[in-house]
Structure formats: C-alpha cells, structure tokens
Number of protein chains: 2
Amino acid sequence: MPSVTLKEIAETLGISIATVSKALKGYPDISESTKQRVQELAKSLNYHPNSFAQSLRTQQSNLIGLIIPEIVHHFFANIIQGVIDEAKKEGYLVIVLQSDESYIHEKEQLQLLLEKNVDGILISLSDKTVHYKHVKEVIDAGMPVVLYDKISKSLDCSKIIIDDRGAAKDATTHLILRGCQKIAHISGPLKPQTTIDRYLGYKDALKEHGISFQKELVYTSENLSYEDGYALGEQILIDHPDVDGIFSFTDLVATGALTKIREMGIKIPDQVSIMGFSNWFLARITTPTLSTVDQPGYRMGQEAFKQLCKEIKMTKDQEIILPEIIKIPTKIVQRQSTR
Amino acid sequence: MPSVTLKEIAETLGISIATVSKALKGYPDISESTKQRVQELAKSLNYHPNSFAQSLRTQQSNLIGLIIPEIVHHFFANIIQGVIDEAKKEGYLVIVLQSDESYIHEKEQLQLLLEKNVDGILISLSDKTVHYKHVKEVIDAGMPVVLYDKISKSLDCSKIIIDDRGAAKDATTHLILRGCQKIAHISGPLKPQTTIDRYLGYKDALKEHGISFQKELVYTSENLSYEDGYALGEQILIDHPDVDGIFSFTDLVATGALTKIREMGIKIPDQVSIMGFSNWFLARITTPTLSTVDQPGYRMGQEAFKQLCKEIKMTKDQEIILPEIIKIPTKIVQRQSTR
DNA sequence: TATCTCACCGAAAACGTTTTCGAAAATTAC
DNA sequence: GTAATTTTCGAAAACGTTTTCGGTGAGATA
C-alpha cells in the first residue's frame, strides 16, 4: 500500500531525487550507468509515479470528460467506445457523464469536469439546451471543448457531425428511386439541429425529384419512442392510405411504425417502404429488417477525440485554436423494408 | 485561465493561507467574521480548489474506475448509468474502460486505474479471463475492488450478482407451468459462471417438475449472436419437431431463434414458446414480443457503487473489509412469446 | 600551472492544498 | 491586577513530482 517514491529510490541508491527523476525520464545529462541502476531498481520495486504529484506539477491530468445525453442508446454507446479506444492510444482516460437530456445536469457536469481539471471536454448538447452560456464559459476559461453530434452553430469551437441534411436527402432519394411516389416523414421536436436538418433533407430530395412537398405528410413524434412510431404508423395510413413510403428521423420510431403497419396487414415493402435513420442494432432484427442510414458512432467518437487531443496540445503550446467542423460520411444500409 | 488560489485570497485579505483554507472548510477555530469575508471573496473570485493539490494532499482522487466487457450492450449500458448516477451522489466521477472481453485489456486497464490512483474499481470479468492473479494483485495492493455480474468465486472481494441459477429455474418453470413438455435450452460457451448457472437452473426446473433431462436438447451458441440463434432455432426443430419450448440463455440468441421459427411458419407461442434472458431493449420489439428474465442492470450498477463506496470509506478508516455477496432480484417479464 | 570544456549530478523552488501545533490576542475568573 | 482560560490565527511541514540552474571534478588545452 505505501507506494514507493522517488525519494526512496534515491536514498537506497545514495543519489538525489532529481537524478532519479531524470534517469527515469531519460534526460541526457545522466550517465548511462546511473540510468541503468535507477531503472532497474525502479522496476524491481514496481515504482509508478504518483499521478497526483505529476498532475500538480505539470497541470495536466491526462483525463478528458465525455458528456453523453443518454448512454443506453446504441449510437451513443458506440461513440463512448470510439472515444475511449482512441483516447487510450494517447494515454488518456475518459470520465463519462450522462446529461440525461437535461440542461441542469449538463451545466452541473461541465462544472464538475472543470473542477476536476480534465484536459478537455467532449460534449453532445442535450435536447433541452437552448442557450449556451454555460458551455461558452467553459470554452472561455481556456478549456478545450469539442462538440459532437448535437451541436450549436452559435458556439465557437470544433464540431464533429454527420451531414444530417445530406444523409436525409439520400435516404428520401433512396425511397424515390425505388418507386415511392407519396412519402411521409416522421420528424421529432424541432429542437436539436439534427432533427431540423433531417426534415430539410427530406424536403430537398422531394424538390430535386419534382415531387411537391405536402405539409400534412409530416408527422411529429414527441417522445422519440417505439410507441410513438406504433401510433403514427397507423395514423399516417389512415390519413393518407396512398402513402407508399415513410422516412422516419430515427430508427426506433421507424420500428414502431413498421410493426404496426405490418400488423395492419399492409405489405412492406411492396405497399409501403420504410426508411429509418441511425442504423441501430435493432434495425437488423425487425421483421422485415429495416433499411436505414448508418450513422457511424464509433468513428465519430474517434474523430471527436482526435480533434480534442489536437486542441489540448495546441492549448499547451499556447497556440491559437481555430475551430474545425468535421463531417463524418454516412451511408445508406438497404435491408428488407425498402424494395 | 490562471485560476485563483488560496494564496491570492490570503494576500488580498491580508491573512494566512492556513486561515483561508480553514475558513472555507468551516473549521471551528476561525471567527465567523473572517469566515464570511473569506467565503465572500472566494465566491466573487470564483475560487475552486485545485483538485490535483487536494488529491496529492489527501491521497484520494474521488475517482473510481469501471471496467465493462462491452459498452454497446443494453445490460452493461444500464450498469454504467447506475454506477455514474449513484457515484455522483457521493461526489465521485467515473472513469469507464472497456475490456472488450479480452484478458490482456482487462489486465492493462486494471494497471492503468491503479496508476491513476482511483479510489476504487468496479469490474466485470471478461469471458476469456480464466485466472485472476491480475485482479488479486490489485486487491492485495489495498485497492477496494467490487466485482459485478461476471465474477469469480475464487476472488476474495465483494460481488454484486443476480441469482442466475434461480432466475433460469424460474424462466424454465414459467415454460413448464404454461404447458410446455419438451423444452430445449440454448446455452453458451461454459466459461462464465453465469452461463453455467443458467444451464443448471434449467436442469433444476426440469427435475423439480419430474421432466427428465435430455442432453440432446441442449444446444450451444458459440458467438452469442443473432445469427447463431437463427441457425439454432431451425436446428432444434429439425432435430426435435416435438419441442414446444425453448429457453435461451440470452435475449439476442432467443431473438434469432424466434425469428427463424416464425419464418418457418411455426406458431409462437401456440406451437413453440420461447423464453429469453436479460430483458434487452430488443425483447420489446420482436414479433411476437419476447418473454424474458429482467436483469436489472441499473440497479446492479447502483448497488455495486454503494458497496464500493462503503469499502473505500472503510479502507480510509483502516477498518477490515469483509466481502459481501449481494444478490439482486430478477423477475419474469411475460410477453407474447409464451402463452 | 592556469584556464576552459564538458559530462554528470544535486539543491532548491515550485505546483496548491491540508493540518498540526504553538503563539498571540482576547476574554474570563479570582 | 494577575492568572487562567478561551478564541483566533499563522508558521511550517508534508504530499511527490519536475525542472532550472549552478556546482563539481576530470580531462583537455594553452
């Protein structure tokens, strides 16, 4: 338990603490012979530098904070993984916090991370966050911050996103090219930019293919739940029996709609094609399996960390950071729910 | 950026650092008036103690490590959540690491956490871990360690588990009570104790109801995948067309089997009832929905942290820790796949 | 012999906090 | 008015590391 320190090594070897420290770190002004002696003893005593002392001295923790809206979520879980794996390569450990889509939590947690002196923060804004002073303060305090997925244009920092609008356009186009004439869209509360962009992408695709946009074909899922989709699936086909394609802004809701529509005895994809968004795990196991847009969480996590790491280094070197916006490519995953 | 320190407060107030420190921490030997002055100035300067210095001094980080075999997994994601939420209540932050079911990673990560001087470690053993020296070393080094879910009986520390054997017995009994006569079991590689226990629970239930155990009714999924289940579902009914119940050791595999069997035109649950294990999210969205055993990940995470926290306090107070085994209750969730 | 160079090492300050212990000041008791 | 007590404060050590800067001695040069 009482872990070995530089001092002990120095004393047993009859040399100074400074020499031991430098020997261990390979300073050039220490002779090879003492380096050897020190390193051997250190290894045999199983010496490990005290991270507290190191941090106090160097003012860095090799720790980053990751704020996630919701961990139990396939996409976000993938992001965590990407971040952790990438961070490990650079010797960083990751503190994970969950905002639970709450502004209050988000604010508290940023504060916690600031007080812990993490070297940088990765954050995806909660759906309920509408002003950004709390984030701005952290950035202004000199803390490297990178936003991912749910971002705000008004924040001046790097962002890792997918091209939601383009991806949604691709998804809708996919339906059009496979013969869908009347395509409904299930959207969500228009708070996060991602939802807005997917809605716009839907419109873009219609416009490009000369299909007139009908406002009444756009439905809203308030809770982003399976049950919402289940209800909306039915509603859509009651309101518009001739709808032959549905593009949902997220897989879970699409899954609900798909299930209900199948239960109604409507053939998927023959009568109605369905397209989701995100490529959650569950898209592979619905009946029929769900076509969707693959949103590469793992990759996003990796890129987010890489960018953060770059900015941490720059901050240390007193360089000026100029924010970058990195778009991660998505791709259509065709399964059975579209012909 | 240059954050305010005790020293600065002391200087502007013309008092000593010691007094400032004690004033902020409410020591009784500081007059109310100076306490007030200090606290006001501290607040107005937005003072926050430097966590590095605090840690160096107190030898504790208020950080715990959480090693998870796989983050992208409904059950484990829930555990993370439970741990983080509970830890927050006590002022702890959580470093999350993923062993990826690899012994090497597990070992490395324990080392990383040890070097980071976390106050305690929560770990679920990887499936590939067969000897436990690396964990034992950490425990022997005086680090509080609590195992959860995938544990080893040979490690002398607290453990948070479910009663896998009992739960599996309940699940099988559920099938029996609903009229199943010939029940197959899909098991996994018999490495983790959980898998073994579920297998034993299956046998227990058969025995209790006077049904003779038939070895050929036990199948093995090597990869714990949907595809495995899909293949095994068919295999089971080819080998034994009169099987009227299947108990799978995990939901994902059950889902595969369920899908294949439905596609074969066999009625679920009328001809074959299917029971899963874990209550993953996907059990709610299969067709028909999957009956299963609810494995309360969130709760387990909470309990695991609580126990760890207790042991951290005891370690600090030099008390002897006597390991506890905490069993979290499970419950049967009946859905459409059993009648 | 005196000076210079170089390789090697150590003293000491610094990071910011906590806490012990003693001292000074204020209060009370007699 | 002195002694005893209590209140209030501060000096200083400690936690373990990193790094600057100066010092020592040996060898080389003049």
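Which residue of strand 8 of chain B does B:H185 stand opposite?

Mentor: Keep in mind that this is a predicted model. The residue you want is B:F247, which stands opposite B:H185. That pair belongs to a parallel arrangement in which strand 6 (residues 183-187) of chain B is joined to strand 8 (residues 245-248) of chain B by four bridges.

Now widen the view to the sheet itself. In chain B, four parallel strands make an open sheet, in the order 7-6-8-9. Its edges are strand 7 (218-220) and strand 9 (273-275) of chain B, each with a pairing on one side only. On average, and with direction ignored, neighbours in this sheet are turned by 20 degrees against each other.

Look across at chain A, where four strands also form an open, parallel sheet with the order 7-6-8-9. There the edge strands are strand 7 (218-220) and strand 9 (273-275) of chain A. Strand 8 (residues 245-248) of chain A pairs with strand 9 of chain A in the parallel sense, over three bridges, and A:G245 is found opposite A:S273 of that strand 9. Helix 11 (residues 251-263) of chain A lies across strand 6 (183-187), strand 8 and strand 9 of chain A, and runs at about 150 degrees to strand 8 of chain A.

Helix 11 of chain A is also a way into the chain-chain contact. In total, 35 residues of chain A are in contact with 35 residues of chain B. Helix 11 of chain A supplies at least two residues of the side that touches chain B, as do helix 4 (51-58), helix 5 (74-89), strand 2 (93-98) and helix 6 (103-115) of chain A. Sorted by class, that side of chain A has 19 nonpolar, 13 polar and three charged residues. The copies meet through the same surface, because 100% of the interface residues of chain A are also interface residues in chain B.

How are the two chains related? Chain A is superposed on chain B by a rotation of 180 degrees with 0.0 Å of shift along the axis, at an RMSD of 0.1 Å. That is the relation of a two-fold axis. The C-alpha of A:I95 is the one in chain A nearest the axis, at 2.2 Å.

Then there's the DNA. Around DNA strand C there are 25 residues, of which A:A18, A:T19, B:L6, B:A18 and B:A53 come nearest. Helix 2 (17-24) and helix 4 of chain A each give two or more residues to that surface, and so do helix 1 (6-13), helix 2 (17-24) and helix 4 (51-58) of chain B. Helix 4 of chain B gives the most, with five residues. The surface near DNA strand C has 11 nonpolar, nine polar and five charged residues.

By class, the surface near DNA strand D divides into 11 nonpolar, nine polar and five charged residues.

Methods. Residues numbered from 1 in each chain as written. Chains lettered and ligands numbered in written order. Predicted model: local features only at pLDDT ≥ 70, side-chain atom pairs only at ≥ 80, totals over all residues. Least-squares fit on C-alpha atoms with pLDDT ≥ 70 in both. Contact = placed C-beta atoms within 7 Å. Pairing = 2+ DSSP bridges. Axes fitted to C-alpha atoms, helices over the stretch in contact; angles between N-to-C directions. Nonpolar A, V, L, I, M, F, W, Y, C, P; charged D, E, K, R; others polar. Near = placed C-beta within 6 Å.
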